[in-house]
Amino acid sequence: MIKDEIAILISDAIKRAQNAGDLPSVPVPDAPIERPQRPEHGDYATGLAMRLGRATRMAPLEIANIIARHIDTETLEPGAIAEVAVAPPGFINFRLSPGWLASQVTEILSQGSLFGNVALGKGQKLQVEFVSANPVGPIHVGNGRGLALGDTLSRVLSAAGYEVQREYLVNDAGTQTQVFAETLYARYQQLFGREVDIPQGGYPGEYMIELAEGLSRDFDDKLLRDPGEPPPPEIHDLGVQRMLEVIRADLEAIGVQYDNWFSERSVYETGTYEKAMELLRERGFVAEREGAVWLVSSALGEEKDNVLVRSTGAPTYFASDIAYHYDKFVIRAFDRVINVWGADHQGHVPRMKAAVSALGVDPDRLTILIYQLVTLKRGKEIVKLSKRAGSIITLRELVEEVGPDAARFNFVGRAADSHMEFDIELAKQQSSENPVYYVQYAHARIAGILTQAKERGIEHSTGDVSLLSNEAELALIRKMLRLPELVESMAVNLEPHQLPYYAIEIATAFHDFYEKCRVLTDDEALTKARLQLISAAKVVLARALDLMGMTAPERM
(Lines give C-alpha, C1' and ligand atoms only; values in the text may rest on other atoms or scores of the structure.)
Protein backbone atom coordinates (compact mmCIF):
# COMPACT_ATOMS: atom_id res chain seq x y z
CA MET A 1 0.00 0.00 0.00
CA ILE A 2 1.17 3.52 -0.80
CA LYS A 3 0.53 4.43 2.84
CA ASP A 4 3.17 1.94 4.00
CA GLU A 5 5.61 3.10 1.33
CA ILE A 6 5.27 6.68 2.53
CA ALA A 7 6.02 5.53 6.09
CA ILE A 8 9.23 3.91 4.80
CA LEU A 9 10.10 7.13 2.93
CA ILE A 10 9.84 9.08 6.18
CA SER A 11 11.88 6.55 8.15
CA ASP A 12 14.65 6.59 5.53
CA ALA A 13 14.62 10.41 5.47
CA ILE A 14 15.09 10.58 9.25
CA LYS A 15 18.03 8.18 9.07
CA ARG A 16 19.65 10.34 6.39
CA ALA A 17 19.02 13.48 8.44
CA GLN A 18 20.58 11.87 11.52
CA ASN A 19 23.59 10.61 9.54
CA ALA A 20 24.07 14.12 8.14
CA GLY A 21 23.92 15.62 11.63
CA ASP A 22 20.76 17.61 10.84
CA LEU A 23 18.82 15.70 13.51
CA PRO A 24 20.19 14.25 16.76
CA SER A 25 20.42 10.46 17.03
CA VAL A 26 17.39 9.79 19.21
CA PRO A 27 15.03 6.80 19.10
CA VAL A 28 12.32 7.39 16.50
CA PRO A 29 8.83 5.84 16.78
CA ASP A 30 7.00 4.52 13.73
CA ALA A 31 5.62 7.34 11.64
CA PRO A 32 1.84 7.72 12.03
CA ILE A 33 0.35 8.13 8.55
CA GLU A 34 -3.09 9.67 8.37
CA ARG A 35 -5.49 10.93 5.75
CA PRO A 36 -6.05 14.67 6.27
CA GLN A 37 -9.66 15.74 6.83
CA ARG A 38 -9.30 18.59 4.35
CA PRO A 39 -8.35 17.72 0.72
CA GLU A 40 -6.20 20.86 0.36
CA HIS A 41 -3.77 19.31 2.85
CA GLY A 42 -2.99 16.47 0.48
CA ASP A 43 -3.65 12.73 0.45
CA TYR A 44 -1.55 11.67 3.43
CA ALA A 45 0.09 13.42 6.36
CA THR A 46 2.29 12.61 9.33
CA GLY A 47 2.62 14.43 12.63
CA LEU A 48 5.80 12.54 13.59
CA ALA A 49 7.78 15.76 13.95
CA MET A 50 5.59 16.80 16.87
CA ARG A 51 6.36 13.52 18.62
CA LEU A 52 10.09 14.15 18.21
CA GLY A 53 10.04 17.66 19.65
CA ARG A 54 10.81 16.77 23.25
CA ALA A 55 13.49 14.15 22.49
CA THR A 56 15.35 16.38 20.01
CA ARG A 57 14.72 19.66 21.88
CA MET A 58 13.82 21.24 18.56
CA ALA A 59 10.68 22.94 17.28
CA PRO A 60 8.36 20.49 15.46
CA LEU A 61 8.13 22.79 12.44
CA GLU A 62 11.94 22.82 12.13
CA ILE A 63 12.05 19.02 12.44
CA ALA A 64 9.37 18.66 9.76
CA ASN A 65 11.30 20.88 7.35
CA ILE A 66 14.50 18.88 7.91
CA ILE A 67 12.73 15.56 7.33
CA ALA A 68 11.02 16.91 4.20
CA ARG A 69 14.38 18.01 2.74
CA HIS A 70 15.73 14.49 3.12
CA ILE A 71 12.72 12.71 1.60
CA ASP A 72 13.66 11.06 -1.68
CA THR A 73 10.39 10.49 -3.54
CA GLU A 74 12.25 8.80 -6.42
CA THR A 75 12.69 5.68 -4.27
CA LEU A 76 8.91 5.32 -4.36
CA GLU A 77 6.90 4.21 -7.37
CA PRO A 78 7.89 6.56 -10.23
CA GLY A 79 5.83 9.71 -10.24
CA ALA A 80 3.60 8.66 -7.34
CA ILE A 81 4.22 11.75 -5.18
CA ALA A 82 3.40 15.09 -6.72
CA GLU A 83 4.25 17.23 -3.70
CA VAL A 84 5.72 17.08 -0.20
CA ALA A 85 4.80 20.14 1.89
CA VAL A 86 5.27 21.20 5.51
CA ALA A 87 2.48 22.87 7.47
CA PRO A 88 2.33 24.27 11.02
CA PRO A 89 2.68 23.18 13.71
CA GLY A 90 4.78 20.36 12.23
CA PHE A 91 2.84 18.29 9.70
CA ILE A 92 4.40 16.82 6.58
CA ASN A 93 1.78 16.52 3.84
CA PHE A 94 1.99 14.27 0.78
CA ARG A 95 -0.03 14.77 -2.39
CA LEU A 96 -0.33 11.93 -4.90
CA SER A 97 0.09 12.78 -8.57
CA PRO A 98 -2.95 12.64 -10.87
CA GLY A 99 -1.07 10.40 -13.30
CA TRP A 100 -0.25 7.86 -10.62
CA LEU A 101 -3.80 7.90 -9.30
CA ALA A 102 -5.15 7.24 -12.79
CA SER A 103 -2.73 4.32 -13.23
CA GLN A 104 -4.24 2.61 -10.18
CA VAL A 105 -7.43 1.91 -12.12
CA THR A 106 -5.49 -0.67 -14.09
CA GLU A 107 -4.05 -2.09 -10.86
CA ILE A 108 -7.51 -2.49 -9.32
CA LEU A 109 -8.82 -4.22 -12.43
CA SER A 110 -5.84 -6.58 -12.50
CA GLN A 111 -6.48 -7.65 -8.90
CA GLY A 112 -10.22 -8.00 -9.43
CA SER A 113 -12.05 -9.66 -6.54
CA LEU A 114 -8.78 -9.86 -4.59
CA PHE A 115 -8.47 -6.09 -4.43
CA GLY A 116 -8.47 -5.01 -0.81
CA ASN A 117 -6.61 -8.05 0.50
CA VAL A 118 -3.63 -7.37 2.77
CA ALA A 119 -1.00 -9.66 4.28
CA LEU A 120 -1.50 -8.61 7.90
CA GLY A 121 -2.33 -12.05 9.36
CA LYS A 122 0.36 -14.02 7.51
CA GLY A 123 -1.70 -17.19 7.81
CA GLN A 124 -2.18 -17.14 11.60
CA LYS A 125 -4.92 -19.52 12.78
CA LEU A 126 -7.77 -17.48 14.13
CA GLN A 127 -11.19 -18.55 15.34
CA VAL A 128 -14.27 -16.36 15.49
CA GLU A 129 -17.04 -17.81 17.65
CA PHE A 130 -20.22 -15.80 17.41
CA VAL A 131 -23.82 -15.93 18.59
CA SER A 132 -23.85 -19.60 19.77
CA ALA A 133 -27.46 -19.11 20.90
CA ASN A 134 -28.84 -21.93 23.04
CA PRO A 135 -30.70 -24.41 20.82
CA VAL A 136 -33.99 -23.77 22.59
CA GLY A 137 -35.69 -21.48 20.07
CA PRO A 138 -35.32 -19.72 16.74
CA ILE A 139 -32.66 -17.07 16.22
CA HIS A 140 -33.96 -13.69 17.36
CA VAL A 141 -33.19 -10.20 16.12
CA GLY A 142 -30.60 -9.54 18.83
CA ASN A 143 -28.71 -12.65 17.71
CA GLY A 144 -28.99 -11.35 14.16
CA ARG A 145 -26.78 -8.42 15.02
CA GLY A 146 -24.14 -10.78 16.41
CA LEU A 147 -24.41 -12.95 13.29
CA ALA A 148 -23.82 -10.02 10.95
CA LEU A 149 -20.96 -8.62 13.03
CA GLY A 150 -19.26 -12.00 13.49
CA ASP A 151 -19.59 -13.06 9.87
CA THR A 152 -18.48 -9.69 8.48
CA LEU A 153 -15.52 -9.64 10.86
CA SER A 154 -14.59 -13.17 9.71
CA ARG A 155 -14.68 -12.04 6.08
CA VAL A 156 -12.53 -9.02 6.86
CA LEU A 157 -9.98 -11.07 8.79
CA SER A 158 -9.76 -13.57 5.92
CA ALA A 159 -9.13 -10.65 3.55
CA ALA A 160 -6.41 -9.48 5.95
CA GLY A 161 -4.50 -12.75 5.57
CA TYR A 162 -5.71 -14.79 8.56
CA GLU A 163 -6.79 -18.42 8.38
CA VAL A 164 -10.24 -18.00 9.90
CA GLN A 165 -12.64 -20.57 11.30
CA ARG A 166 -16.24 -19.58 12.09
CA GLU A 167 -17.59 -21.63 14.99
CA TYR A 168 -20.98 -22.09 16.64
CA LEU A 169 -20.95 -23.52 20.16
CA VAL A 170 -23.99 -25.75 20.65
CA ASN A 171 -24.96 -25.52 24.33
CA ASP A 172 -26.44 -29.01 24.49
CA ALA A 173 -25.37 -29.93 28.02
CA GLY A 174 -26.90 -27.25 30.22
CA THR A 175 -30.05 -26.71 32.25
CA GLN A 176 -31.68 -24.60 29.53
CA THR A 177 -31.85 -27.48 27.08
CA GLN A 178 -33.24 -29.63 29.88
CA VAL A 179 -36.05 -27.11 30.47
CA PHE A 180 -36.50 -27.00 26.68
CA ALA A 181 -36.89 -30.81 26.64
CA GLU A 182 -39.44 -30.67 29.47
CA THR A 183 -41.40 -27.99 27.58
CA LEU A 184 -41.33 -30.04 24.40
CA TYR A 185 -42.50 -33.14 26.25
CA ALA A 186 -45.37 -31.19 27.81
CA ARG A 187 -46.49 -30.02 24.37
CA TYR A 188 -46.10 -33.56 23.03
CA GLN A 189 -48.27 -34.96 25.82
CA GLN A 190 -50.92 -32.30 25.20
CA LEU A 191 -51.29 -33.59 21.64
CA PHE A 192 -52.44 -36.90 23.12
CA GLY A 193 -55.02 -35.35 25.41
CA ARG A 194 -53.02 -35.08 28.61
CA GLU A 195 -53.64 -32.00 30.70
CA VAL A 196 -50.12 -30.89 31.57
CA ASP A 197 -48.62 -27.44 31.90
CA ILE A 198 -45.31 -26.35 30.47
CA PRO A 199 -42.68 -26.07 33.23
CA GLN A 200 -41.94 -22.84 35.04
CA GLY A 201 -39.40 -20.89 33.00
CA GLY A 202 -40.30 -22.96 29.92
CA TYR A 203 -40.68 -21.82 26.32
CA PRO A 204 -44.24 -20.77 25.37
CA GLY A 205 -43.70 -19.94 21.69
CA GLU A 206 -45.74 -21.58 18.93
CA TYR A 207 -42.58 -23.15 17.54
CA MET A 208 -42.61 -25.59 20.50
CA ILE A 209 -46.05 -26.83 19.44
CA GLU A 210 -44.77 -27.25 15.88
CA LEU A 211 -41.78 -29.27 17.12
CA ALA A 212 -44.10 -31.47 19.20
CA GLU A 213 -46.35 -32.00 16.18
CA GLY A 214 -43.30 -33.12 14.21
CA LEU A 215 -42.47 -35.71 16.87
CA SER A 216 -46.08 -36.86 16.88
CA ARG A 217 -46.03 -37.39 13.12
CA ASP A 218 -42.74 -39.30 13.19
CA PHE A 219 -43.15 -41.33 16.37
CA ASP A 220 -46.89 -41.32 17.08
CA ASP A 221 -47.18 -42.03 20.87
CA LYS A 222 -43.99 -44.08 21.17
CA LEU A 223 -42.22 -41.34 23.17
CA LEU A 224 -44.91 -41.19 25.85
CA ARG A 225 -44.09 -42.31 29.38
CA ASP A 226 -46.46 -42.90 32.23
CA PRO A 227 -48.09 -39.69 33.52
CA GLY A 228 -45.84 -37.79 35.92
CA GLU A 229 -42.64 -39.44 34.71
CA PRO A 230 -39.81 -37.25 33.35
CA PRO A 231 -39.37 -37.04 29.57
CA PRO A 232 -37.38 -39.81 27.90
CA PRO A 233 -33.79 -38.90 26.94
CA GLU A 234 -34.72 -39.11 23.27
CA ILE A 235 -36.95 -36.03 23.67
CA HIS A 236 -33.93 -33.91 24.61
CA ASP A 237 -31.74 -35.09 21.76
CA LEU A 238 -34.47 -35.08 19.12
CA GLY A 239 -35.63 -31.64 20.22
CA VAL A 240 -32.13 -30.14 20.14
CA GLN A 241 -31.42 -31.76 16.78
CA ARG A 242 -34.61 -30.39 15.23
CA MET A 243 -34.14 -26.97 16.78
CA LEU A 244 -30.67 -26.85 15.27
CA GLU A 245 -32.21 -27.55 11.89
CA VAL A 246 -34.45 -24.51 12.40
CA ILE A 247 -31.43 -22.43 13.47
CA ARG A 248 -29.43 -23.54 10.41
CA ALA A 249 -32.34 -22.47 8.20
CA ASP A 250 -32.46 -19.11 10.00
CA LEU A 251 -28.74 -18.67 9.38
CA GLU A 252 -29.09 -19.64 5.73
CA ALA A 253 -31.81 -16.99 5.36
CA ILE A 254 -29.32 -14.25 6.30
CA GLY A 255 -26.40 -15.87 4.45
CA VAL A 256 -24.28 -17.09 7.36
CA GLN A 257 -22.43 -20.41 7.19
CA TYR A 258 -20.30 -21.82 9.99
CA ASP A 259 -17.17 -23.88 9.42
CA ASN A 260 -17.68 -25.85 12.62
CA TRP A 261 -20.48 -26.68 15.06
CA PHE A 262 -18.98 -27.58 18.43
CA SER A 263 -20.99 -29.61 20.93
CA GLU A 264 -20.66 -28.50 24.56
CA ARG A 265 -21.43 -32.08 25.54
CA SER A 266 -18.31 -33.24 23.68
CA VAL A 267 -15.97 -31.65 26.24
CA TYR A 268 -17.27 -34.23 28.74
CA GLU A 269 -17.45 -37.15 26.31
CA THR A 270 -13.87 -36.72 25.04
CA GLY A 271 -12.23 -36.13 28.43
CA THR A 272 -11.40 -32.51 27.61
CA TYR A 273 -13.16 -31.29 30.74
CA GLU A 274 -11.04 -33.55 33.00
CA LYS A 275 -7.83 -32.46 31.24
CA ALA A 276 -8.66 -28.78 31.68
CA MET A 277 -9.51 -29.22 35.38
CA GLU A 278 -6.33 -31.21 35.97
CA LEU A 279 -4.25 -28.46 34.35
CA LEU A 280 -5.88 -25.86 36.59
CA ARG A 281 -5.07 -27.99 39.64
CA GLU A 282 -1.45 -28.47 38.56
CA ARG A 283 -1.10 -24.71 38.18
CA GLY A 284 -2.51 -24.11 41.65
CA PHE A 285 -5.72 -22.33 40.65
CA VAL A 286 -8.26 -24.76 42.13
CA ALA A 287 -9.53 -24.76 45.72
CA GLU A 288 -12.17 -26.84 47.51
CA ARG A 289 -14.32 -25.22 50.15
CA GLU A 290 -17.95 -25.08 51.24
CA GLY A 291 -18.45 -28.41 49.52
CA ALA A 292 -17.74 -26.90 46.09
CA VAL A 293 -14.75 -26.59 43.75
CA TRP A 294 -13.57 -23.06 42.99
CA LEU A 295 -11.30 -21.34 40.48
CA VAL A 296 -9.03 -19.06 42.48
CA SER A 297 -9.72 -16.11 40.18
CA SER A 298 -8.69 -13.64 42.87
CA ALA A 299 -5.07 -14.71 42.34
CA LEU A 300 -5.43 -13.48 38.74
CA GLY A 301 -6.82 -10.03 39.49
CA GLU A 302 -10.52 -10.90 39.73
CA GLU A 303 -12.49 -9.45 42.64
CA LYS A 304 -13.73 -12.87 43.74
CA ASP A 305 -13.25 -16.57 43.11
CA ASN A 306 -15.70 -18.46 40.89
CA VAL A 307 -17.42 -21.81 41.36
CA LEU A 308 -16.36 -24.57 38.97
CA VAL A 309 -18.26 -27.50 40.46
CA ARG A 310 -21.34 -27.04 42.65
CA SER A 311 -21.81 -28.85 45.94
CA THR A 312 -24.12 -31.21 44.04
CA GLY A 313 -21.16 -32.32 41.94
CA ALA A 314 -22.54 -30.70 38.78
CA PRO A 315 -20.09 -28.55 36.78
CA THR A 316 -21.09 -24.93 36.24
CA TYR A 317 -21.43 -23.39 32.79
CA PHE A 318 -18.22 -21.50 33.59
CA ALA A 319 -16.34 -24.80 34.04
CA SER A 320 -17.71 -26.03 30.73
CA ASP A 321 -16.60 -22.80 29.08
CA ILE A 322 -13.09 -23.18 30.49
CA ALA A 323 -12.89 -26.68 29.02
CA TYR A 324 -14.16 -25.31 25.72
CA HIS A 325 -11.40 -22.69 25.65
CA TYR A 326 -8.85 -25.31 26.66
CA ASP A 327 -9.94 -27.16 23.54
CA LYS A 328 -9.54 -23.99 21.45
CA PHE A 329 -6.11 -22.94 22.65
CA VAL A 330 -4.41 -26.16 23.77
CA ILE A 331 -5.94 -28.93 21.64
CA ARG A 332 -6.77 -27.10 18.41
CA ALA A 333 -3.99 -24.55 18.91
CA PHE A 334 -5.60 -21.40 17.54
CA ASP A 335 -3.21 -18.45 17.60
CA ARG A 336 -6.06 -16.11 18.47
CA VAL A 337 -9.69 -16.51 19.46
CA ILE A 338 -12.39 -13.87 19.11
CA ASN A 339 -15.72 -14.40 20.87
CA VAL A 340 -18.63 -12.20 19.78
CA TRP A 341 -21.12 -12.17 22.65
CA GLY A 342 -24.35 -10.38 23.49
CA ALA A 343 -24.65 -7.71 26.15
CA ASP A 344 -25.98 -10.22 28.70
CA HIS A 345 -22.49 -11.81 28.78
CA GLN A 346 -20.71 -8.59 29.80
CA GLY A 347 -20.06 -9.82 33.35
CA HIS A 348 -18.57 -13.06 32.05
CA VAL A 349 -15.69 -11.31 30.26
CA PRO A 350 -13.17 -10.66 33.09
CA ARG A 351 -13.52 -14.12 34.63
CA MET A 352 -13.11 -15.76 31.22
CA LYS A 353 -9.91 -13.81 30.61
CA ALA A 354 -8.73 -14.87 34.08
CA ALA A 355 -9.56 -18.51 33.34
CA VAL A 356 -7.58 -18.46 30.11
CA SER A 357 -4.62 -17.04 32.01
CA ALA A 358 -5.01 -19.81 34.60
CA LEU A 359 -4.68 -22.33 31.74
CA GLY A 360 -1.28 -20.82 30.93
CA VAL A 361 -2.51 -19.01 27.82
CA ASP A 362 -1.70 -15.35 27.22
CA PRO A 363 -5.07 -13.66 27.82
CA ASP A 364 -4.28 -11.20 25.04
CA ARG A 365 -4.85 -14.10 22.63
CA LEU A 366 -8.52 -14.02 23.62
CA THR A 367 -10.63 -11.07 22.52
CA ILE A 368 -14.27 -10.78 23.55
CA LEU A 369 -16.47 -8.36 21.63
CA ILE A 370 -19.75 -7.41 23.29
CA TYR A 371 -22.58 -6.18 21.10
CA GLN A 372 -25.48 -4.19 22.46
CA LEU A 373 -29.23 -4.56 22.04
CA VAL A 374 -31.35 -3.91 18.97
CA THR A 375 -34.61 -1.96 18.98
CA LEU A 376 -36.88 -2.64 16.02
CA LYS A 377 -39.02 0.25 14.81
CA ARG A 378 -41.55 0.96 12.11
CA GLY A 379 -40.96 4.66 11.66
CA LYS A 380 -41.50 5.98 15.20
CA GLU A 381 -43.35 2.93 16.52
CA ILE A 382 -41.40 0.25 18.42
CA VAL A 383 -42.03 -3.36 17.36
CA LYS A 384 -42.55 -5.39 20.53
CA LEU A 385 -43.73 -8.93 19.84
CA SER A 386 -43.14 -11.80 17.46
CA LYS A 387 -45.93 -13.63 15.70
CA ARG A 388 -44.40 -17.06 16.32
CA ALA A 389 -42.11 -16.77 19.30
CA GLY A 390 -44.11 -14.58 21.66
CA SER A 391 -41.59 -12.71 23.78
CA ILE A 392 -38.88 -12.47 21.12
CA ILE A 393 -38.80 -11.12 17.57
CA THR A 394 -37.35 -13.74 15.26
CA LEU A 395 -34.63 -13.03 12.75
CA ARG A 396 -36.57 -15.00 10.13
CA GLU A 397 -39.55 -12.64 10.38
CA LEU A 398 -37.29 -9.62 9.89
CA VAL A 399 -35.38 -11.13 6.96
CA GLU A 400 -38.58 -12.17 5.22
CA GLU A 401 -39.82 -8.58 5.43
CA VAL A 402 -36.73 -6.51 4.57
CA GLY A 403 -34.42 -9.04 2.89
CA PRO A 404 -31.05 -10.43 4.02
CA ASP A 405 -28.99 -7.61 2.48
CA ALA A 406 -30.86 -4.86 4.29
CA ALA A 407 -30.71 -6.85 7.53
CA ARG A 408 -26.97 -7.37 7.33
CA PHE A 409 -26.14 -3.81 6.28
CA ASN A 410 -28.13 -2.31 9.13
CA PHE A 411 -26.86 -4.76 11.75
CA VAL A 412 -23.23 -4.00 10.85
CA GLY A 413 -23.81 -0.26 10.51
CA ARG A 414 -23.14 0.67 14.13
CA ALA A 415 -20.21 -0.01 16.45
CA ALA A 416 -20.83 -3.19 18.44
CA ASP A 417 -20.72 -1.38 21.79
CA SER A 418 -23.51 1.06 20.85
CA HIS A 419 -27.23 0.40 21.08
CA MET A 420 -28.90 0.39 17.67
CA GLU A 421 -32.33 1.13 16.27
CA PHE A 422 -33.43 -0.76 13.15
CA ASP A 423 -36.10 1.07 11.15
CA ILE A 424 -37.96 -1.60 9.16
CA GLU A 425 -39.80 0.92 6.99
CA LEU A 426 -36.59 2.70 5.99
CA ALA A 427 -34.90 -0.62 5.21
CA LYS A 428 -37.69 -1.44 2.75
CA GLN A 429 -37.60 1.87 0.88
CA GLN A 430 -36.34 1.87 -2.69
CA SER A 431 -34.91 5.37 -2.58
CA SER A 432 -31.64 7.17 -1.93
CA GLU A 433 -32.78 7.68 1.68
CA ASN A 434 -32.20 3.96 2.23
CA PRO A 435 -28.41 3.48 2.34
CA VAL A 436 -28.69 -0.17 1.29
CA TYR A 437 -30.60 0.75 -1.85
CA TYR A 438 -28.26 3.70 -2.46
CA VAL A 439 -25.14 1.53 -2.44
CA GLN A 440 -26.55 -1.38 -4.41
CA TYR A 441 -28.08 0.98 -6.97
CA ALA A 442 -24.62 2.43 -7.64
CA HIS A 443 -23.38 -1.06 -8.52
CA ALA A 444 -26.45 -1.75 -10.69
CA ARG A 445 -26.09 1.61 -12.46
CA ILE A 446 -22.48 0.81 -13.35
CA ALA A 447 -23.53 -2.60 -14.63
CA GLY A 448 -26.17 -0.91 -16.78
CA ILE A 449 -23.65 1.51 -18.32
CA LEU A 450 -21.25 -1.34 -19.09
CA THR A 451 -24.09 -3.26 -20.72
CA GLN A 452 -24.91 -0.27 -22.91
CA ALA A 453 -21.26 -0.02 -23.93
CA LYS A 454 -21.17 -3.69 -24.84
CA GLU A 455 -24.35 -3.35 -26.91
CA ARG A 456 -22.70 -0.49 -28.81
CA GLY A 457 -19.67 -2.68 -29.47
CA ILE A 458 -17.28 -0.60 -27.37
CA GLU A 459 -14.27 -2.68 -26.27
CA HIS A 460 -12.66 -0.72 -23.42
CA SER A 461 -10.10 -3.13 -21.96
CA THR A 462 -7.32 -1.19 -23.67
CA GLY A 463 -8.65 2.19 -22.54
CA ASP A 464 -5.95 4.75 -21.76
CA VAL A 465 -6.48 5.57 -18.09
CA SER A 466 -3.95 8.40 -18.24
CA LEU A 467 -6.79 10.45 -19.75
CA LEU A 468 -8.52 10.45 -16.37
CA SER A 469 -7.76 13.87 -14.93
CA ASN A 470 -11.10 15.38 -13.93
CA GLU A 471 -11.29 16.04 -10.20
CA ALA A 472 -14.45 13.89 -9.89
CA GLU A 473 -12.60 11.01 -11.56
CA LEU A 474 -9.61 11.37 -9.26
CA ALA A 475 -11.83 11.69 -6.18
CA LEU A 476 -13.48 8.37 -7.05
CA ILE A 477 -10.07 6.71 -7.46
CA ARG A 478 -8.90 8.09 -4.12
CA LYS A 479 -11.93 6.53 -2.42
CA MET A 480 -11.33 3.19 -4.13
CA LEU A 481 -7.72 3.09 -2.98
CA ARG A 482 -8.84 3.31 0.65
CA LEU A 483 -10.19 -0.27 0.67
CA PRO A 484 -6.92 -2.11 1.50
CA GLU A 485 -6.17 0.43 4.25
CA LEU A 486 -9.68 -0.02 5.59
CA VAL A 487 -9.39 -3.82 5.63
CA GLU A 488 -6.15 -3.52 7.61
CA SER A 489 -7.69 -1.02 10.05
CA MET A 490 -10.81 -3.12 10.59
CA ALA A 491 -8.73 -6.26 11.14
CA VAL A 492 -6.47 -4.53 13.69
CA ASN A 493 -9.26 -2.77 15.58
CA LEU A 494 -11.98 -5.41 15.00
CA GLU A 495 -14.38 -2.75 13.72
CA PRO A 496 -16.47 -4.16 10.85
CA HIS A 497 -18.94 -1.28 11.25
CA GLN A 498 -16.61 0.88 9.14
CA LEU A 499 -17.61 -1.06 6.01
CA PRO A 500 -21.15 0.31 5.51
CA TYR A 501 -19.84 3.87 5.82
CA TYR A 502 -17.14 3.13 3.27
CA ALA A 503 -19.64 1.59 0.86
CA ILE A 504 -21.77 4.75 1.10
CA GLU A 505 -18.68 6.90 0.44
CA ILE A 506 -17.81 4.89 -2.68
CA ALA A 507 -21.38 5.08 -3.94
CA THR A 508 -21.46 8.84 -3.28
CA ALA A 509 -18.16 9.37 -5.13
CA PHE A 510 -19.48 7.38 -8.09
CA HIS A 511 -22.82 9.23 -8.21
CA ASP A 512 -20.93 12.54 -8.04
CA PHE A 513 -18.63 11.44 -10.87
CA TYR A 514 -21.62 10.29 -12.93
CA GLU A 515 -23.32 13.66 -12.57
CA LYS A 516 -20.20 15.58 -13.59
CA CYS A 517 -18.62 13.28 -16.18
CA ARG A 518 -20.57 11.65 -18.98
CA VAL A 519 -19.26 8.14 -19.57
CA LEU A 520 -20.53 7.30 -23.07
CA THR A 521 -19.38 10.29 -25.10
CA ASP A 522 -18.45 11.12 -28.70
CA ASP A 523 -14.79 11.04 -27.60
CA GLU A 524 -13.96 7.36 -28.08
CA ALA A 525 -10.68 7.44 -26.15
CA LEU A 526 -12.20 9.24 -23.15
CA THR A 527 -15.20 6.91 -23.21
CA LYS A 528 -12.95 3.86 -22.99
CA ALA A 529 -10.93 5.41 -20.17
CA ARG A 530 -14.07 6.18 -18.17
CA LEU A 531 -15.45 2.70 -18.81
CA GLN A 532 -12.24 1.38 -17.27
CA LEU A 533 -12.77 3.68 -14.30
CA ILE A 534 -16.34 2.58 -13.62
CA SER A 535 -15.33 -1.07 -14.13
CA ALA A 536 -12.82 -0.59 -11.30
CA ALA A 537 -15.49 1.14 -9.19
CA LYS A 538 -17.78 -1.83 -9.82
CA VAL A 539 -15.02 -4.17 -8.55
CA VAL A 540 -14.56 -2.13 -5.37
CA LEU A 541 -18.27 -1.78 -4.67
CA ALA A 542 -18.79 -5.51 -5.18
CA ARG A 543 -15.89 -6.27 -2.84
CA ALA A 544 -17.25 -3.99 -0.12
CA LEU A 545 -20.68 -5.60 -0.43
CA ASP A 546 -19.19 -9.09 -0.40
CA LEU A 547 -17.21 -8.33 2.76
CA MET A 548 -20.55 -7.53 4.37
CA GLY A 549 -22.04 -10.76 3.00
CA MET A 550 -24.33 -8.85 0.65
CA THR A 551 -25.16 -9.27 -3.02
CA ALA A 552 -24.02 -6.89 -5.76
CA PRO A 553 -27.03 -6.68 -8.11
CA GLU A 554 -26.57 -6.18 -11.84
CA ARG A 555 -29.99 -4.53 -12.14
CA MET A 556 -32.58 -3.05 -9.77
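A salt bridge is taken here as a side-chain nitrogen of Lys or Arg within 4 Å of a carboxyl oxygen of Asp or Glu. By this rule, 28 salt bridges are counted. The model is predicted: local features need pLDDT of at least 70, side-chain atom pairs count only at pLDDT 80 or more, and totals for chains, interfaces and linings use all residues. Residues are numbered from 1 along each chain as its sequence is written, and side-chain values use heavy atoms, with hydrogens and water left out.

One of the salt bridges joins Asp259 to Arg166, with the closest N and O atoms 4.0 Å apart. This pair links distant parts of the chain. Asp259 sits in the loop between α8 and β7, Arg166 lies in strand β6, and 93 residues separate the two. Helices (H or I, at least four residues) and strands (E, at least two) are DSSP runs, numbered from the N terminus.

Strand β6 belongs to an open sheet of 5 strands with parallel pairing, in the order β7-β6-β5-β11-β12. Two strands pair if DSSP finds at least two bridges between them. The edges are β7 (260–263) and β12 (366–371), each of which pairs on one side only. On average, neighbouring strands of this sheet are turned by 25° against each other, direction ignored. Axes are lines fitted to C-alpha atoms, for helices over the stretch in contact, and angles run from 0 to 180 degrees between N-to-C directions. Strands β5 (residues 125–130) and β6 (residues 163–170) are parallel and share 5 bridges. Within this pairing, Gln127 stands opposite Gln165 of β6.

Helices pack on this sheet. Helix α8 (residues 233–253) touches β6 and β7, and its direction makes about 150° with that of β7. Helix α5 lies across β5, β6, β11 (336–342) and β12, and runs at about 170° to β5. Contact means heavy atoms within 4.5 Å.

Helix α5 (residues 141–159) also packs with helix α18 (residues 482–493), at an angle of about 120° and with the axes 9 Å apart. Leu153, Val156, Leu157 and Ala159 of α5 meet Val487, Met490 and Ala491 of α18. This contact has 7 nonpolar, no polar and no charged residues. Ala, Val, Leu, Ile, Met, Phe, Trp, Tyr, Cys and Pro count as nonpolar, Asp, Glu, Lys and Arg as charged, and the others, Gly among them, as polar.

A further helix pair is formed by α1 (residues 2–19) and α3 (residues 60–70). Their axes come within 8 Å and cross at roughly 100°. The two helices are therefore roughly perpendicular (65 to 115 degrees). The contact involves Ile10, Ala13, Ile14, Arg16 and Ala17 of α1, and Ile66, Ile67 and His70 of α3. By class, the contact of α1 with α3 holds 6 nonpolar, 1 polar and 1 charged residue.

A second sheet is open and mixed, with 3 strands in the order β14-β13-β15. Strands β14 (381–382) and β15 (420–423) stand at the edges with a single partner strand each, so one side of each has no neighbour in the sheet. Strand β13 (residues 374–378) runs antiparallel to β14, joined by 2 bridges. Lys377 has Ile382 of β14 as its bridge partner. Helix α14 (residues 404–412) lies across β13 and β15, at about 155° to β15.

Strands β3 and β4 form a hairpin with 3 residues between them. Strand β3 (residues 81–87) and strand β4 (residues 91–96) run antiparallel and are joined by 6 bridges. Ile81 is the bridge partner of Leu96 in β4.

How values were computed. Parallel < 35°, antiparallel > 145°, perpendicular 65-115°, else oblique.
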